[in-house]
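Colleague: I am new to this structure and would like to go through it with you, one question at a time.

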Amino acid sequence: MRVIVITGSSDGIGADMARQLAASNGAGVALVLAARNGAMLDAVAGQCQALGAQTLAVPTDVSVQAECIALIDAAVARFGRIDALINNAGRSAHALFEDVQDLGWYEDLMRVNLWGSVWCTHAALAHLKASRGSIVAVSSLAGLVGVPGRTAYAATKFAMAGFFEALRTELKGAGVSVTTAYPGVVATQIRHHGYNAAGQQLGKSLLKEEGAMSVEECARLIIEGMEGRRREVVMTAKGKAGRFLKLVAPGLVEQMALAAVKAS
């Protein structure tokens with residue numbers, strides 16, 4: 001039985017990854033589900049149990065290192081091993097830098113998006129090396145290309161990309177795969193729940209949502225990347241083109257980034 005820990009799994013991409021893993025593996029998988037909202041976490045756990053999976057719901061705030069350590073300890077105490085860690089927990093933000101008065105929420109965002117992944121990975125690393133398992137980091141296209149209004153968010157996602165790229169190299173001889181996923185705009189509420197310039201909940205999306213990828217498709221592509229032990233999963237044709245064009249025509253990529261933002 002494989003044991004898979006998924007952070008940010010009470011809703012959105014994380015919850016759908018859990019359901020898909022339960023549906024495809026049944027009794028062959030144990031899912032350790034982590035998020036702040038315990039009631040929503042229990043609901044997802046129940047859905048996965050109905051599909052045959054074993055589950056353990058652990059209410060966790062990944063911005064607190066002690067809670068990340070407790071999550072991994074709970075997983076090992078219950079199931080004895082960890083075969084995969086999916087670092088999916090994250091928060092969004094959209095604000096022009098000049099409009100931000102107090103940068104404290106920039107630090108808060110970094111604690112969730114970067115440090116939560118670092119702390120969970122550090123706590124789980126010995127267990128993942130023992131199982132020759134897999135690490136997944138859910139970044140964003142904003143971790144490859146800077147988008148206006150996304151200075152805080154892009155900083156966290158670029159940092160994730162750099163950390164896990166370096167870690168992948170360190171773990172090459174240990175048999176642990178590291179997959180970084182770069183979703184584009186996905187049809188979730190993450191942008192609505194993100195920070196605005198004042199550090200409050202934004203309440204809307206300032207990105208163009210037309211043609212947003214479905215949650216189900218995004219979750220499927222991340223799982224495929226993990227199972228294939230792929231280095232990276234860049235999910236859209238525009239994202240793949242942007243990554244190449246950034247090397248040869250960076251000005252064009254900046255125009256593409258501007259076009260992704262709604263007119264104010």
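Colleague: Is the crossing of H1 and H6 left-handed or right-handed?
Modeller: This is a predicted model, in which local features need pLDDT of at least 70, side-chain atom pairs count only at pLDDT 80 or more, and totals for chains, interfaces and linings use all residues. Residues are numbered from 1 along each chain as its sequence is written, and side-chain values use heavy atoms, with hydrogens and water left out. A crossing is called left-handed if the near helix is turned anticlockwise from the far one by less than a right angle, and right-handed if clockwise. By that rule, the crossing of H1 and H6 is right-handed.

Colleague: Which residues of H1 make the contact with H6?
Modeller: Contact means heavy atoms within 4.5 Å. On the side of H6 the contact includes Cys 218, and on the side of H1 it is made by Gly 12, Ile 13, Asp 16, Met 17, Gln 20 and Leu 21.

Colleague: How many disulfides does the structure hold?
Modeller: A disulfide is a pair of cysteine sulfur atoms within 2.5 Å. The sulfur of Cys 68 has its closest cysteine sulfur in Cys 120, but at 3.6 Å this is too far for a bond. The number of disulfides in the structure is zero.

Colleague: Is Ser 177 buried or exposed?
Modeller: Buried means under 20% relative accessible area, exposed over 50%, and partly exposed in between, with a 1.4 Å probe and protein chains only. Ser 177, whose place is in strand S6 (residues 177-182), has a relative accessibility of 8% and therefore counts as buried.

Note on methods
Helices (H or I, at least four residues) and strands (E, at least two) are DSSP runs, numbered from the N terminus.
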